[in-house]
There are 4 protein chains.
Amino acid sequence: MSKLAYLGPQGTFCEAALRILAPDAEGVPSANVGAALDAARRGEAGGAVVPLENSVEGAITQTLDELAWGQPLLITGELLLPVEFYLLARPGTEMRHIKRVITHPAAHTQCRGFVERELPGAVVVASSSTAAAAQEVAAPGSPYDAAISPAIAGEYYGLVQVAAGIGDRSDTVTRFVKVSPPGELPQPTGADRTSLVVYLRDDHPGALLEMLSEFAVRGVNLTRIESRPTGDGIGRYFFHFDCEGHIADARVGEAISGLRRLSDDVRFLGSYPRADQVITQIKRGTADTDFSEAAGWLSRIREGRV
Amino acid sequence: MSKLAYLGPQGTFCEAALRILAPDAEGVPSANVGAALDAARRGEAGGAVVPLENSVEGAITQTLDELAWGQPLLITGELLLPVEFYLLARPGTEMRHIKRVITHPAAHTQCRGFVERELPGAVVVASSSTAAAAQEVAAPGSPYDAAISPAIAGEYYGLVQVAAGIGDRSDTVTRFVKVSPPGELPQPTGADRTSLVVYLRDDHPGALLEMLSEFAVRGVNLTRIESRPTGDGIGRYFFHFDCEGHIADARVGEAISGLRRLSDDVRFLGSYPRADQVITQIKRGTADTDFSEAAGWLSRIREGRV
Amino acid sequence: MSKLAYLGPQGTFCEAALRILAPDAEGVPSANVGAALDAARRGEAGGAVVPLENSVEGAITQTLDELAWGQPLLITGELLLPVEFYLLARPGTEMRHIKRVITHPAAHTQCRGFVERELPGAVVVASSSTAAAAQEVAAPGSPYDAAISPAIAGEYYGLVQVAAGIGDRSDTVTRFVKVSPPGELPQPTGADRTSLVVYLRDDHPGALLEMLSEFAVRGVNLTRIESRPTGDGIGRYFFHFDCEGHIADARVGEAISGLRRLSDDVRFLGSYPRADQVITQIKRGTADTDFSEAAGWLSRIREGRV
Amino acid sequence: MSKLAYLGPQGTFCEAALRILAPDAEGVPSANVGAALDAARRGEAGGAVVPLENSVEGAITQTLDELAWGQPLLITGELLLPVEFYLLARPGTEMRHIKRVITHPAAHTQCRGFVERELPGAVVVASSSTAAAAQEVAAPGSPYDAAISPAIAGEYYGLVQVAAGIGDRSDTVTRFVKVSPPGELPQPTGADRTSLVVYLRDDHPGALLEMLSEFAVRGVNLTRIESRPTGDGIGRYFFHFDCEGHIADARVGEAISGLRRLSDDVRFLGSYPRADQVITQIKRGTADTDFSEAAGWLSRIREGRV
């Protein structure tokens, strides 16, 4: 895969994720998540890297919705990227010179403690992204003294790190996924995750409980559930699920087939290795060998060989 | 099938059931349920007819246990036989002559009202079966004036009906099953029943709830559940289940495979037409076409064709 | 409690159970389980001791049905009595003299190995109970040489033990219960059991699953479930349940109230100390303190004090 | 309640909602949702009106998070407000004059069809809110010809409606809630909704299924579920629930008490009349009378009065 679209501009956390997920790929910045996915859909790129959720902000709903509708794409990998903010400035700038700072409002929120403590009199102006903020600071005649941005943005725009790790909490993480046009799935590794979207057949009470039971009965653990509006009025939702395991696993396949039977539609979003490499604990009676043994037994008893 | 063993002696309700279930078969009376089943197991008969449950007395536990252990047999048919008691006597006997009655204690219980009302001074003596009671009355020099027995016993032993339908309730029914050595199953009819025995893997709290969930998630209705002791101490049980549908049905097959995976052992006791011919209501999403459509879809998504 | 009815005649296992459950009580033998319970109902005895289930034979259905219908009685204690069979004979009898044995058929079944091995030529005749068998042997001019009976029967009828522990398996146990007219319940001990009977409102598919969910959601473990026919036709059942805990426990009370709301009727059969003295494991969040804390919180939030 | 804070500036949909929810209140515009809620918390206003979810955009996560953390507030009312966009301009402006339009990006998205069809050459510039856009157009020497805004913004800023109902879909709705400091709850009406936040005790597989079971067993229907990150890493969530009914209802109270026992914390967010006035269907056995009848019965059986 030579080209991968990502949420630009150059220097975003998303580009940093892309460099780790696909070190040899050429990154192609896109204006927004939808544009990045569309580049993959139209073949302008071999795939895309987009953010899916953040440990503080939650789901990136634009990504959820873009994956749920339109031409299908498959998630083929994921990355948990620590969100580390840097105070970037033109070479020669010192902390005491910094009076006007530019960054994305979410980054401002997450670095509020640092700004109040270390830059008490500074004005903070909003930019459209943390990478764009660095770009603004680097522009000739910029009115800004510094940007709060990822390290990678400094590399791009020739800025230096005046301060590092300036976020108020050190454990914020964003989960990025690599998506590709439909095609061969990643091989099961034993530490896999499967993502899907379920549109309920009818929004009856208990429908969600029924869906969860499909997973529970086959011993499949859910790791994420997100409701999103269908657009057809308050109270009408569809659901994003992540579960442990690979669609090639018998228990996962049977659970998702059950969802398919019960719902209006299920969109498979991919099975791929977990970034955290946690091995799936297989509940007794739900291993592939248990399923194949039971299938053989069923064939025999259906023929009356008991 | 030329010979069928049944719970004798000649003239029992069980023989009456056999005549309806298999009109052309030759009945072979056996001393007890175990002996009848063993005759089928050893090939001395092509099968057997035995009682499984009664609407007043409940399960015939001897049958449940005999089917659960030992060499497997398959239920291939069932019959709901109304339990109709007759007062049988030697020709010429009139009601006012009857002072000594013989019958099985259960029959006595079920005809207590009639006896108290119509035969107020009569002595009632216990026999080992209602058919044996008729045999006793017919014996030369019998000390008994009448027997409470099924009609069929009168035919055998040359007795006449002094009174008919003498049970206190008119709606008592016994369920009989025809069993055969393992072999081809009866074809699905849309109004089928499936019987099985489940031995829990470990008797943990919630194990029964788990078993029932295997049925519920596939939309399979249970119609009977009986617990029986494993013999390994109070509190250790195995279970007899009847469910709607045929093992050839996808939903039934998947449910029972699920039981198999979760339990120490499942013994399939057969799929066969329901005596009451009630068509199985198929819950949305659980028809065979739903399963095959979902299986096709699963195959495609496993290949990445989404 | 001075008098307790029990399943007679004198010398039964049931009387042995009574002597342990209520050493100071005077036992009153009854002809059958129903008569013993009726003696307690009518006040002819202060209570009764009856068998409820056996580890090999299963439920004593007569007891289940007698407790389910008619005037209510409460179980106030239970006992697990090992079933130990003895070969009893008149003083002076030696093993080699024994040619004719009398016992109850169930006892014969359970001692079949001993009889075949030690008494190869002996005839075994059926009696109505193992105690009655001993009585027969003791009768002047008895045609029987020995009885297979409980030890207590020997005491009563002046017989000696020719052989002890002659059952084929040594671990058979019968569970006896002491029942009393309604009144103050035994105090909770932390190792209690609660028994009840549930009549489903309508026999819809899933009704049993719903009932079990009422227990599961409150963390209450079921230890026994028995289905019994309502008498209204094959496929119509009511249920006997035993669960861990005491009705005074908040989780048990709430679960059983839930059953009550969902069903046509619930008959409470008592809360009493478990014979095995196994302490109930309380699932997190279901202790009485959890319930009372939650109730206090609910009161506060209902008043808007959040 | 004389003053209510709302999401400003003047002329927002939120202010329109406030005028309907509390016609007599004085609206106090706040810079953002957090500021509006804080005004209510600090007593600067008697309450606040904020958006909770939108039928196209989904949850307003800032509102969810602000209600979940910090000093508690109670929802006391809700409103479903149709999202109707207008093209507003200074008096005298005609459609053909409009070359530069200003609005919030979300509004631009929802009116894209109108803009492309009716204003093909126009430039659309982003503002921070649709009300702010109207304010910009009204400013002396404004570089903008028109704003896409709610009708109420036209009133405030002296603009006229050049076109009405210009959204691409006519059924978009935003749900607003009125919140107040803790205090007496709205009376139950039979058509109520209850909102709460649940923090799982431990994020074990099946925890969500357990929570849903607490509702299902008491016959309480969920109408909304949203997962939000706890901030402690990807895969750690808490949940917002809406359910049918009022905390004063016995079934709702018991269900929520159950959640409380099972979870680390439950925050009650209020019980209030549903905007759609749909009467809650009460499942058999879960009415208040069923609960009180069962409670009376439980008291009696706990005293042994069966």
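Predicted model: local features only at pLDDT ≥ 70, side-chain atom pairs only at ≥ 80, totals over all residues.
**Helix pair in chain D**

- Helix α8 of chain D spans residues 207–217, and helix α9 of chain D spans residues 250–262.
- Their axes come within 8 Å and cross at roughly 155°.
- Angles over 145 degrees count as roughly antiparallel, so α8(D) is roughly antiparallel to α9(D).
- On the α8(D) side, the contact is made by Glu210(D), Met211(D), Glu214(D) and Phe215(D).
- On the α9(D) side, Ala255(D), Gly258(D), Leu259(D) and Leu262(D) make the contact.
- By class, this helix contact has five nonpolar, one polar and two charged residues.

**Interface of chains A and B**

- Chain A puts 32 residues in contact with 32 residues of chain B.
- Three elements of chain A give two or more residues to the side that touches chain B: α8 (207–217), α9 (250–262) and α10 (288–302).
- Of these, α10(A) gives the most, with eight residues.
- The side of chain A that touches chain B divides into 17 nonpolar, eight polar and seven charged residues.

**Interface of chains C and D**

- Here 32 residues of chain C are in contact with 32 residues of chain D.
- On the chain C side, α8 (207–217), α9 (250–262) and α10 (288–302) each supply at least two residues.
- The largest share of that side comes from α10(C), which supplies eight residues.
- By class, the side of chain C that touches chain D has 17 nonpolar, eight polar and seven charged residues.

**Domains of chain A**

- The domain assignment gives chain A a domain 1 made of residues 1–82 + 172–183.
- Domain 2 of chain A covers 86–164, and domain 3 of chain A covers 185–306.
- The centres of domain 1 and domain 2 of chain A, taken over C-alpha atoms, are separated by 25 Å.
- Ten residues of domain 1 of chain A are in contact with 14 residues of domain 2 of chain A.
- On the domain 1 side of that contact, four residues are nonpolar, four are polar and two are charged.

Notes:
Residues numbered from 1 in each chain as written. Chains lettered and ligands numbered in written order. Contact = placed C-beta atoms within 7 Å. Helix = DSSP H or I, 4+ residues; strand = E, 2+ residues; numbered from the N terminus. Nonpolar A, V, L, I, M, F, W, Y, C, P; charged D, E, K, R; others polar. Domains from an automatic or database assignment. Axes fitted to C-alpha atoms, helices over the stretch in contact; angles between N-to-C directions. Parallel < 35°, antiparallel > 145°, perpendicular 65-115°, else oblique.
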